Amino acid sequence: MTDPKGEGVRISVSDIQDRKGGLPIVCLTAYSKPMAQWLDPYMDLLLVGDSLAMVIYGMETTRGVTLDAMINHGAAVMRGSEKACVVVDLPHGTYEDSPEQAHASARRVLDETGVQAVKLEGGVEMADTVRHLTESGIPVLGHIGLLPQKAESRGGFKIQGRDDIGWKQVMTDGRAISDAGAFAIVIEGTVEALAREITETVAVPTIGIGASPGCDGQILVTDDALGLFSDFTPSFVKRYAELGEEVAVAAKEYADDVHARRFPGLEHCFGVPRDKK
Ligand code: KIV
C-alpha cells in the first residue's frame with residue numbers, strides 16, 4: 001500500500017503535491033465502481049480519464065465523450081473508492097473557449113461527483129484557465145506533451161520533443177502550467193530526457209505516461225495494463241495481466257455448461273427440497 005495517511009482517509013491534492021521528489025505517485029485510470037474498488041487500496045490517484053470514450057464506448061478518439069458521461073463515471077468511481085485521490089478529465093469542448101466555460105464545467109464535476117480535482121489538456125494556451133480555476137479553489141491536474149484531444153489536429157499520436165522547437169514548446173508548457181498553480185502535471189508521450197528535464201525544472205510533481213522513469217509518478221490506462229483493451233497496445237504499456245483472455249475462457253465454459261445442461265443445477269434454483277440439491 002502506498003497510503004501515507006492510513007485507512008479511511010482519502011489522499012488529498014496537497015498530499016500528492018508533497019510527493020515531489022519523494023515516493024513515486026502510483027496512478028491508474030478507473031471508470032466504474034467495481035474497478036475502483038479493486039484498485040483503490042493500491043493507488044494514490046485514480047483518474048477518470050476521457051480515454052473511456054475509446055476504452056468503454058468504442059469511439060475512435062477521446063473527443064466524443066460528454067461532460068454528463070464524465071460526471072456519471074466520476075460519481076461511480078467515488079462510490080467505489082475511499083482512499084485514492086480521484087480526478088476527472090474535462091472532456092473536449094467543455095473548457096477551451098474561456099476560463100469561465102472551464103470554471104462552469106469544473107464546478108459541475110466537483111459538485112456532482114465529490115472528486116478532488118479536474119484534469120485538462122494543454123500548455124501555455126491553457127495557463128490563464130488553470131490560474132483562474134486554481135485561484136477560485138478548483139484543483140487542477142495539468143496534462144502536457146502528447147495531447148489525445150488535440151492529436152487529430154496535430155497530425156496524429158506523435159511523440160513530442162523530438163526536435164528543438166518541440167522540446168522548447170513542451171518545456172515552456174510545463175513551466176506555464178506549474179506556475180499557473182496546477183498541483184501536478186501529467187506528461188504524456190515525450191522523449192525521455194525531456195520529461196526528465198521538466199521534472200527537474202518544475203515545482204510540482206510530474207506523472208508520466210510514455211515519459212520517463214525520472215517522473216515523480218506513473219499512470220497507465222488500466223484496461224491496457226490488465227489486457228482488457230485489445231484494439232491496440234501502445235509500446236509504453238507494460239501488461240500486468242491478460243484478463244481479456246480470462247474473460248473469453250470463462251465465457252466459453254459458461255456457454256458449454258448451458259449447452260450441456262450442466263448449468264443451472266438444482267442447487268442454483270429455488271423451492272427445491274434440500275435432499276435434491
Ligand atoms: O484519459 C486518460 O486516460 C488520460 C491518461 C492516459 C493520462 O489522460
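User: What makes β3 and β4 a pair, and in which sense do they pair?

Analyst: Two strands pair if DSSP finds at least two bridges between them. Strand β3 (residues 85-89) and strand β4 (residues 117-121) have three bridges, in the parallel sense. So they count as paired. Strands here are DSSP runs (E, at least two residues), numbered from the N terminus. Asp-89 stands opposite Lys-119 in β4.

User: What is the model's origin, and how are residues numbered?

Analyst: This is a predicted model: local features need pLDDT of at least 70, side-chain atom pairs count only at pLDDT 80 or more, and totals for chains, interfaces and linings use all residues. Residues are numbered from 1 along each chain as its sequence is written, and side-chain values use heavy atoms, without hydrogens and water.

User: Which strands close into the barrel, and in what order?

Analyst: Eight strands close into it, in the order β1-β2-β3-β4-β5-β6-β7-β8, with parallel pairing.

User: Why is the space lined by Gly-145, Ala-151 and Arg-154, among others, called a cavity?

Analyst: On a 1 Å grid over the protein atoms alone, a cavity is a set of points where a 1.4 Å probe fits but cannot get out; a pocket is an open set with protein on both sides within 12 Å along at least five of seven lines. Lining residues have an atom within 4 Å of a point. The largest cavity has a volume of about 50 Å³, that is, the space filled by probe spheres set on the points, which are joined across faces, edges and corners.

User: How much space lies in the largest pocket, and which residues lie nearest its centre?

Analyst: About 540 Å³. Pro-148, Glu-188, Ile-209, Val-221 and Phe-236 lie nearest its centre, out of 30 lining residues.

Note on methods: Helix = DSSP H or I, 4+ residues; strand = E, 2+ residues; numbered from the N terminus.
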